[in-house]
Amino acid sequence: MEQHCGLITGNKEPVPLKSISVTLSINDFVASVSATLNYENEEKVPLEAFFVFPMDEDSAVYSFEALVDGKKIVAELQEKMQAHSIYEDALSQGHQAYLLEEDDYSRDVFSCNVGNLQPGAKVAVTLRYVQELPLETDGALRYVLPAILNPRYQLSEPSAKSCVNIKTPIVPLEDLPYTLSMVATITSQHGIERVQSNCSLSPMQYLADDKTSAQISLAEGHKFDRDVELLIYYNEVHSPSVAVEMGMQDKKPDSLMGAPSAMVSFYPDVPEVETSKACGEFVFLMDRSGSMGFPMNNQNDSQLRIEAAKETLLLLLKSLPMGCYFNIYGFGSSYEKFFPESVRYTQETMEKAVERINYLKADLGGTEILKPLRKIYKARSIPGHPLQLFVFTDGEVSDTFTVINEVLFNSKKHRCFSFGIGEGASTSLIKGIARATGGTAEFITDKDRMQTKALGSLKFALNCSVDDISLSWDLPPGLSACMLSPEQTAIFRGQRLITYAQLTGTMPQEENSGEVCLKYTFNGRSLENRVTFSLQPKTNASFTIHRLAAKSLIQTKDLGFHETSERVKEDVVGISIQSGVLSSFTAFLAINKELNQPVQGPIAQREIPRPIISTSCRAHKGCKKGSTSRMKSSRYKSADLAFDELEFSSPGNRNAESLSMTQMSYSSTKKNDDKGFRKNVFMQLISRQKANGSWELDEDLAKILRTNLEDIMTANPVKDGDPSTWATVLAVLWLHANSEDLKCEWELLERKSVAWLHDHAGSSIPMLVRAGSNLLKLPVTPAVFGF
């Protein structure tokens, strides 16, 4: 157990946190969470327990209470500095006090202080919050209960008040003194298809015959050693909807919490464009800090973060359209870039970039993202090629608001697509920089395919922009809608759009309806989506929609404790206290003055430990932040053998590329694992594709296709044609027949290949496809080539 800040006095002293219990209620795409922390002081001295925990930055925390000896003490939301002062005074007077607050430097880190915990005392502290659930590319709604808080690297002068700077003690999993229990109830009008998790669950029980309600729970005795992730699949998730919620009866009818609130969910029908003809400047900003050398999570077969990032970077590079511009930056304590300035995407520049990707390591120290960001923004713009920035990081940055504000300041000149790699990535940083520019944010753990999400974001970036976005309401006379969400700056194909509004005026007494219309312009075409909804507001004891609306409003104004003007701070404090939703400038405070006698003697401080996270924690223990951890154990070396059966003989860079791609394969791959082997062959095939989308006809391609070059040449029906057209047809056929489950990863590559074939093979494509299908014995039709 590590000793930091004088809070830990010995290795074997008991700590006060005994268990965490979570009650989760998911209604369609909104989650309501109640988390209870059970403390018990087994020591002979009074304690002040201190617990730092991560939470999704979109969470609207609205309730904090304590149960002491059967007596409930409900906390009040107050201005933060005032709450701190009262808390300290209460402790000095011997009262029991509790404080919950956001960190000054990041919205996704919270701290809970349980002051004056007497010897033998048992206290249950409960916090409640609501949040929207993000929609994954495969249609799943994703809920995460974070267990891992990565140490945040310092960008600027450290704050003594910041809880991200305090290192919590680390203990082996078997010595972790608390467990986690969680029960989740899920309801949806669309019907619940299935629920998946990275943790052991009890069998799902349907609570209704039509499968619109179900319940699951974590297996008993679960140790909170990893993020708990639930993927919820409904039968239909893309239906637009409007939910109207009744306001609080004791509030003014026209106030934020007194008036009815509406949550509007749209799935805009944005047409698809020909991505091979799209243009842009694509800059990839890759985290190469020491922590990127750790595994994605604490599972034994987890891939290293840097290796997953390199694999993904190669796929993105191969998927870029001809004629665009690109560059690649690596950052840590310092930063490096592949080219002095962005270069045109050609075969030559692509090969140079691929060669450098092969040798990328997690060797650049800390996580200082601000310097390369400013360098990118200062570079000259390329006319006709809008900047599209892709950021890959494990998110270990403490000065989150400073980074977000830099991105926001430059938001009009680019879009940012961000990716949090591994458990513990900062949701505040990843979501904040994407939201500031109208981009998208994704979170990737070992279970997810980073390539799938990255290629999905590239599709968004390649699509033409949607213009003239507006939302209009058709409501009965005397009723109007006041928008609480910021104006939408970007709409992507397949993306969900959620916005909040306040309904002011006179609600109709009888059954009535309203209509909301989303209008936008795309490639000169005027498009719109409409949805009709009931104007009979529903009651909700948690006032979920109101609090999510308040959180959305706070996020647009709250630029961080040190970046927000005093006038705006006052505005945020007012919204926060009125809605009961925690902000950067408020804190929950509860004081119990009814102790039998004042606490005697000094208070000992204790921090709640976190578990060792497999290999990564061994690295934490043996190296400082910023050192290069190789951690290449035998389980990683096994991946190097995945291609024993395919001995490639190409000279020069291609040999290096082949070797590198073998080393970047998943560590869990075994020769007898067919799916894993196909994944490796897929990466080998992709690594040989040219920038224009074609393949060369050579021995290496023949080995990937598991045939010989002579047979391929003999089967070519167009003997006097370009051999590359025949090779490209065979490669695309192989992708369709052998990697259909990875289609989201090679879809853009295939489009580029098919476009190239139409330009170079034309009417002979159907004949080439039939001959290729016969040669490879693959049931693929010319329809996949646009015929």
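The model under discussion is predicted. F533, by contrast, has a relative accessibility of 4% and counts as buried. The ring centres of W473 and F533 lie 6.1 Å apart with their planes at 85°, so this pair is edge-to-face. W473 belongs to strand 26 (residues 467–474) and F533 to strand 30 (residues 525–534), and the pair links distant parts of the chain, 60 residues apart.

Across the whole structure, 9 aromatic pairs are found. One of them joins F392 and F419, whose centres are 4.5 Å apart and whose planes meet at 5°, so the pair is stacked. F392 lies in strand 23 (residues 387–393) and F419 in strand 24 (residues 414–421), so parts 27 residues apart in sequence are tied together. F392 is buried at 0% relative accessible area, and F419 is likewise buried at 0%. Ring pairs also join F392 and F419 with F284, F390 and F417 in a cluster.

| Charged residue | Ring | Distance from ring centre |
|---|---|---|
| R194 | Y233 | 3.7 Å |
| R496 | F29 | 5.0 Å |

The largest nonpolar core has 84 residues, and those with the most contacts inside it are Y39, Y98, C112 and Y143. Beyond its neighbours within four places in sequence, C112 is in contact with residues including L37, Y39, F50, F64 and V125. A second, separate core of 81 residues includes M350, I686, V732 and V780.

Terms used: Residues are numbered from 1 along each chain as its sequence is written. This is a predicted model: local features need pLDDT of at least 70, side-chain atom pairs count only at pLDDT 80 or more; totals for chains, interfaces and linings use all residues. Side-chain values use heavy atoms; hydrogens and water are left out. A nonpolar core is a set of buried Ala, Val, Leu, Ile, Met, Phe, Trp, Tyr and Cys residues joined through side-chain atoms within 4.5 Å. Buried means under 20% relative accessible area, exposed over 50%, partly exposed in between (1.4 Å probe, protein chains only). Contact means heavy atoms within 4.5 Å. Rings of Phe, Tyr and Trp (its six-membered ring) pair if their centres lie within 6.5 Å; planes under 30 degrees apart count as stacked, over 60 as edge-to-face and the rest as tilted. Helices (H or I, at least four residues) and strands (E, at least two) are DSSP runs, numbered from the N terminus. A charge sits over a ring if NZ of Lys or CZ of Arg is within 6 Å of the ring centre and within 35 degrees of the ring normal.
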